Amino acid sequence: MLADAPVLLQCREVVKHFDISGGFLDQLRFQAGRPRRVRTLVRAVNGVSFDVRQGETLSVVGESGCGKSTLARTILNLYPADGGEIRYRNQRIDNLSPKAMLPYRVKMQMVFQDPYASLNPRMTVSRILEEPVCYHHPGLSRAEVRERVAQVMCQVGMDPTWADNFPHEFSGGQRQRISIARALVVDPEFIVADEPISALDVSIQAQILNLLMDAQETRNLTYLFISHDLSVVEHISDRVAVMYLGSLCELAPVEQLFAAPRHPYTRALLSAIPRLGAGPGPKDRIRLSGELPSPLHLPSGCVFHGRCPHARARCRQEIPKPVQLSATAQVSCLGVEEGWL
Ligand SMILES: Nc1ncnc2c1ncn2[C@@H]1O[C@H](COP(=O)(O)OP(=O)(O)OP(=O)(O)O)[C@@H](O)[C@H]1O
Ligand SMILES: [Mg+2]
């Protein structure tokens, strides 16, 4: 059972802000006739807390710009966190130097959205796949490295005789297979897949999803899967986390979240999924009014209050804390906390 699986990754109040103030002169503002230095921050991730359990697929959904990729990269220490704690197997990793992070780099891999930009065009497939093995497993002989690469190429459905070709000689789907092979070849435990299928043709998407699911089963992998596509998320996830403007609104097992969403934003998001046959029709869609606020100027209190049809006075003042609904579900909403939603 998922609830009994050990926790692999813990995020506590993770914060990531980007300073886009520019140079000293760009930062100067005149207030009451006096020059003042003002920093401009993009508040991409603001205090996100959740656990990922071993063997599960946790999907992160939310509209464009809500901070999904930033959260993923901060978890992998590709961006330094500005606050909070990230633990992997109960070891704190957010404050590690690049050298101390190396053992975790083998265990935690990433598959990127764009298979055209994420592969070095000057390297052949065999170099792309051999380099991380040689780097992380220096004890392996040349023959062992080649064997491991050939094995992984077969697993991702690529003929090992193509190993001497360059990425531009492959289609998008095949390139994404190479990206997945590059992640798998070092024998990881945890893979962050940031929209791994959204740049691909629909017919190829299913193949890549199946490949990821098969790899999970054979290698007992844990996934943090980022996607816009709620029907894919419903199909592949164990649990789903919903983000809005850098905050985590709700996290719940997939059936529970789709059957009975608690957070008003999750309800609005799910009501927008087109369904065939019986089920909610266009009349039942929840239409959110108001503009999506900018992460440059976060609203006070609950970040969703300006668009929430149920918001009350307290929502405008107080940032909701995550309420633990069960061992595997949490929601950050004052209405749920106080029992009026
Ligand atoms: N390197 C950066 N410098 C400044 N701002 C950034 C940087 N990277 C991301 N941002 C900003 O942080 C916010 C979150 O971006 P992020 O890419 O994490 O969103 P996302 O949820 O992954 O969006 P999408 O679904 O479009 O990929 C956005 O407002 C974005 O403009
Ligand atoms: Mg993104």
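Which of the 15 residues around ligand 1 come nearest? The legends below begin with that view.

**View 1. The shell of residues around ligand 1 in the predicted model.** Ser64, Gly65, Lys68, Ser69 and Thr70 come nearest among the 15 residues around ligand 1, where a residue is near a molecule or strand if one of its heavy atoms lies within 4 Å of it. This is a predicted model, in which local features need pLDDT of at least 70 and side-chain atom pairs count only at pLDDT 80 or more, whereas totals for chains, interfaces and linings use all residues. Residues are numbered from 1 along each chain as its sequence is written, chains are lettered from A and ligands numbered from 1 in the order in which they are written, and side-chain values use heavy atoms, with hydrogens and water left out. By class, the shell holds six nonpolar, six polar and three charged residues; here Ala, Val, Leu, Ile, Met, Phe, Trp, Tyr, Cys and Pro count as nonpolar, Asp, Glu, Lys and Arg as charged, and the others, Gly among them, as polar. At least two shell residues are supplied by each of β4 (41-53) and α2 (68-75), and the largest share, three residues, comes from α2; helices (H or I, at least four residues) and strands (E, at least two) are DSSP runs, numbered from the N terminus.

**View 2. Side-chain contacts to the oxygen atoms of ligand 1.** An N or O atom in the side chain of Ser64 is 2.4 Å from an oxygen atom of ligand 1. Thr70 places a polar side-chain atom 2.5 Å from an oxygen atom of the ligand, and for Ser69 the corresponding distance is 2.7 Å. Taken alone, ligand 1 exposes 640 Å², of which the protein buries 66%; accessible areas come from the Shrake-Rupley method with a 1.4 Å probe, and for residues only the protein chains shown count as cover.

View 3. Gly65 is placed in the loop between β5 (57-61) and α2, and with 61% relative accessibility it counts as exposed (buried means under 20% relative accessible area, exposed over 50%, and partly exposed in between, with a 1.4 Å probe and protein chains only). Helix α2 itself is mostly covered, six of its eight residues being buried, namely Lys68, Thr70, Leu71, Ala72, Thr74 and Ile75. Asn77, which has a positive phi near 60°, follows α2.

**View 4. Asn46 in strand β4.** Asn46 lies in strand β4 and counts as buried, at 18% relative accessibility. A polar atom of the Asn46 side chain lies 3.1 Å from the backbone oxygen of Arg43, a polar contact being a pair of N or O atoms within 3.5 Å; within protein, one must be able to donate a hydrogen and the other to accept it, and residues adjacent in sequence count only if both atoms are side-chain atoms.

View 5. Rings of Phe, Tyr and Trp (its six-membered ring) pair if their centres lie within 6.5 Å, and planes under 30 degrees apart count as stacked, over 60 as edge-to-face and the rest as tilted. By this rule the count comes to seven aromatic pairs. Trp162 and Phe170 form a tilted pair, 6.0 Å centre to centre with 55° between the planes; Trp162 is partly exposed at 32% relative accessibility, whereas Phe170 is buried at 7%. The pair of Tyr244 and Tyr265 is tilted because the ring centres are 4.7 Å apart and the planes stand at 55°. Since Tyr244 lies in strand β11 (residues 239-244) and Tyr265 in helix α10 (residues 264-271), this pair ties together parts that are 21 residues apart in sequence. Tyr244 is buried, with a relative accessible area of 1%, and Tyr265 is buried at 1% relative accessibility. Ring pairs also link Tyr88, Tyr104 and Phe190 into a cluster. The charged end of Arg312 sits over the ring of Trp340, 3.9 Å from its centre, a description that requires NZ of Lys or CZ of Arg within 6 Å of the ring centre and within 35 degrees of the ring normal.

**View 6. Two loop residues with positive phi.** Most residues other than glycine have a negative phi. Arg89, although not a glycine, has a positive phi of about 50°; this residue lies in the loop between β6 (83-88) and β7 (91-92) and is partly exposed at 39% relative accessibility. Leu245, a residue other than glycine, has a positive phi near 50°; Leu245 is found in the loop between β11 and β12 (247-253) and is buried at 4% relative accessibility.
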